[in-house]
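Please look through the sequence and the structure shown here, and then read the short report that follows.

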Amino acid sequence: MLELSGRLLASLDAGRPLVVATAIAVDGRMPRTLGTSMSWDGSAAIGSIAGGCIEGAIVEVAERVLDDGRTRIVPFGVSDEAAFGVGLACGGEVRLHLGVVRPADPIVQKLRDAAAGSSASIVLTEAGFAIADGDALYVDTVEPPARMIIVGAMEFSAALSTAAQSLGYTVTVVDPRQLFTTAERFPGADLAVEWPPDYLARTPIDSRTVICHLGHDARYDADLLAVALTSPAAYVGAMGSRTTTEKRRADLEARGVDTSRLHAPIGLDLGASTPEETAISILAEVLAVRSGRLAEPLRAASGSIRPV
């Protein structure tokens, strides 16, 4: 629900109440995950729950909720063999919470907080929505966007910045060269024109931060990576040839820095060559590290496709 905050606010600010349907229980086989939401304002839908499988049925229930204002908990669950009969093509089970949100409701401020990039939470109860803990069926929570720090202002950096922003990262590009570190080259990114190791040493880095070193400057390579690898960053990657990578590792290990967390050469082996393809290979590795999954074709794996 909170992930849709900006789009929900457009309807609410126009004075239209809407019904929000949220998956509060899934069996792991659904196309979307626990907490996924969609809304219905009587004429248009925002978002989806099951990739189009059951949205028509959800709208029918939402119409009744919009009409009488009564929250409903609705299960959809069938065997794989019967799935197509009700639209759940993947089989499995999902339980939905459908409640009305009105423009003057207290939870609207939580939507505004989320849309502004702040942390927020909304409690789903049998009676609807609340802003305080109670008899919760599910608590929808959103955190501020994770950061990606990209070192080096180059074409690969520009492609990665654009792609990372589409995944919700707040991007900062760091390079000491003013000429190349411009808003025109990096739309939507924060820019830091300064010595990269100095910037990394002073900027906040937490366990969700991603650091991608795409430049190659021997004057600061080792200093930069030493700061990155001793920080709590979730991911540290460095672009470069295998020869460059081995030299960097040797320099770092001579300083006593543990290089086991260094992803270098950066990215997954997808056959990428262009900046845009390379951005995909880097983000694919970031996602794999974040989820703790092996980067292999789904057809080669077994078990649930979705994290549970």
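## The second largest pocket

The lining of the second largest pocket is made up of seven nonpolar residues, five polar and one charged, where Ala, Val, Leu, Ile, Met, Phe, Trp, Tyr, Cys and Pro count as nonpolar, Asp, Glu, Lys and Arg as charged, and the others, Gly among them, as polar. Of these 13 lining residues, Ile 266, Leu 268, Ala 272, Thr 278 and Ser 281 lie nearest the centre of the pocket.

This is a predicted model, in which local features need pLDDT of at least 70 and side-chain atom pairs count only at pLDDT 80 or more, while totals for chains, interfaces and linings use all residues. Residues are numbered from 1 along each chain as its sequence is written, and side-chain values use heavy atoms, with hydrogens and water left out.

## A cis peptide bond

The peptide bond that leads from Ala 264 to Pro 265 is cis, with omega near -5°. Most peptide bonds are trans.

With a relative accessibility of 37%, Arg 16 counts as partly exposed, a class that lies between buried (under 20% relative accessible area) and exposed (over 50%), using a 1.4 Å probe and protein chains only.

Leaving aside residues up to four places away in sequence, Arg 16 touches Ala 10, Ser 11, Asp 41 and Pro 103, a contact being heavy atoms within 4.5 Å. Although Arg 16 and Asp 41 are 25 residues apart in sequence, their C-alpha atoms are 6.8 Å apart in space.

Note on methods. On a 1 Å grid over the protein atoms alone, a cavity is a set of points where a 1.4 Å probe fits but cannot get out, and a pocket is an open set with protein on both sides within 12 Å along at least five of seven lines; lining residues have an atom within 4 Å of a point.
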